[in-house]
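Open the model in your viewer and keep the selection panel at hand. Each stop below gives something to select, then tells you what is there.

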Amino acid sequence: MVLDRIDFEILDALQNDARLSNKELAAKVDLAPSSCLTRVRALSEAGILRGHHADVDTSALGIGLQALLAIRLVKHNSEVCRALYQYMLGLPETLAVFHVTGVNDLQVHVALRNVEHLRELILERVATRPQVVHCETSVIYASDRKHRLPCYRAEPKPTKPESRSSRSGPKKKR
């Protein structure tokens, strides 16, 4: 799917506020609501718009500790890596898994109740895995996350030199 300026505006608006109604989103990007809905559905079907998420206070869920686990594999091959990656992703404590370069092979972001929960996770469910040769833990003191991704794709150049502000009369809905 080739994205145009309006698609980029839709993605930007939804990253800022995923709770926008279709009518509000259409007004923000200067489209008719039916056209806006068609574009949002196309972005979803193409796998570009992958979901809508709530930002929840971790303490409300009983999460008192977050950590990064740096895991080194016993053997470097795709089967071993894929198996551990999928295992870690399937744990309820796991928030994100990163396959990385460097001394360690995986970085795993986990959310836990407390230090005892962390200890149990590492000793009983991570270090005992046959793919793991080493696990190093970094406790996260504080974290913030941006929900808006940077856009590095160039927007298409307008085909006409005419701009919205130079039009006469009311704006037309597309």
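What pattern does the chain follow, read along the sequence? Colour by secondary structure and trace it: α-α-α-β-α-β-β-α-β. That makes five helices and four strands. Keep in mind that this is a predicted model.

**Whole chain**

Select everything and show the surface. The chain exposes about 12400 Å². Carbon and sulfur atoms supply 53% of that area. Of the 174 residues, 29% count as buried. Now turn to contacts between residues at least 6 apart in sequence: 66% of them join residues at least 24 apart.

**Helix α4**

Select residues 78-90. This is α4, with 13 residues. From first C-alpha to last, α4 reaches 18 Å, close to the 18 Å expected at 1.5 Å a residue.

Go to the start of the helix and show Asn77. A side-chain oxygen of Asn77 comes within 3.1 Å of the backbone nitrogen of Glu79.

Which residues of α4 are buried? Select Val80, Cys81, Leu84 and Met88. They span an arc of only 95 degrees around the axis, so they sit on the same side of α4.

What covers the buried residues of α4? Show β1 (65-73), β2, β3, α5 and β4, which are among the elements that do.

Select 94-99 and 106-112. These are strands β2 and β3, which run antiparallel and are joined by five bridges. Zoom in on Thr94: Val110 in β3 stands opposite.

Then follow the turn. Six residues lie between the two strands of this hairpin. Stop at Gly102, in the turn, and read its phi: positive, about 105 degrees. Back on the strands, look at where the side chains point. In a regular strand they alternate between the two faces of the sheet.

**Arg129**

Last stop: select Arg129. Where is it found? Arg129 lies in the loop between α5 (115-126) and β4 (132-140). Is Arg129 buried or partly exposed? Its relative accessibility is 24%, so Arg129 counts as partly exposed; the cut-off for buried is under 20%.

Show its contacts, leaving aside neighbours within four places in sequence. Arg129 touches Leu84 and Tyr87. Leu84 brings you back to α4, where it is one of the buried residues.

Notes. Residues are numbered from 1 along each chain as its sequence is written. This is a predicted model: local features need pLDDT of at least 70, side-chain atom pairs count only at pLDDT 80 or more; totals for chains, interfaces and linings use all residues. Side-chain values use heavy atoms; hydrogens and water are left out. Buried means under 20% relative accessible area, exposed over 50%, partly exposed in between (1.4 Å probe, protein chains only). Contact means heavy atoms within 4.5 Å. Accessible areas come from the Shrake-Rupley method with a 1.4 Å probe; for residues, only the protein chains shown count as cover. Two strands pair if DSSP finds at least two bridges between them. The expected span of a helix is 1.5 Å times one less than its number of residues. The arc is that of the directions from the helix axis to the C-beta atoms. A polar contact is a pair of N or O atoms within 3.5 Å; within protein, one must be able to donate a hydrogen and the other to accept it, and residues adjacent in sequence count only if both atoms are side-chain atoms.
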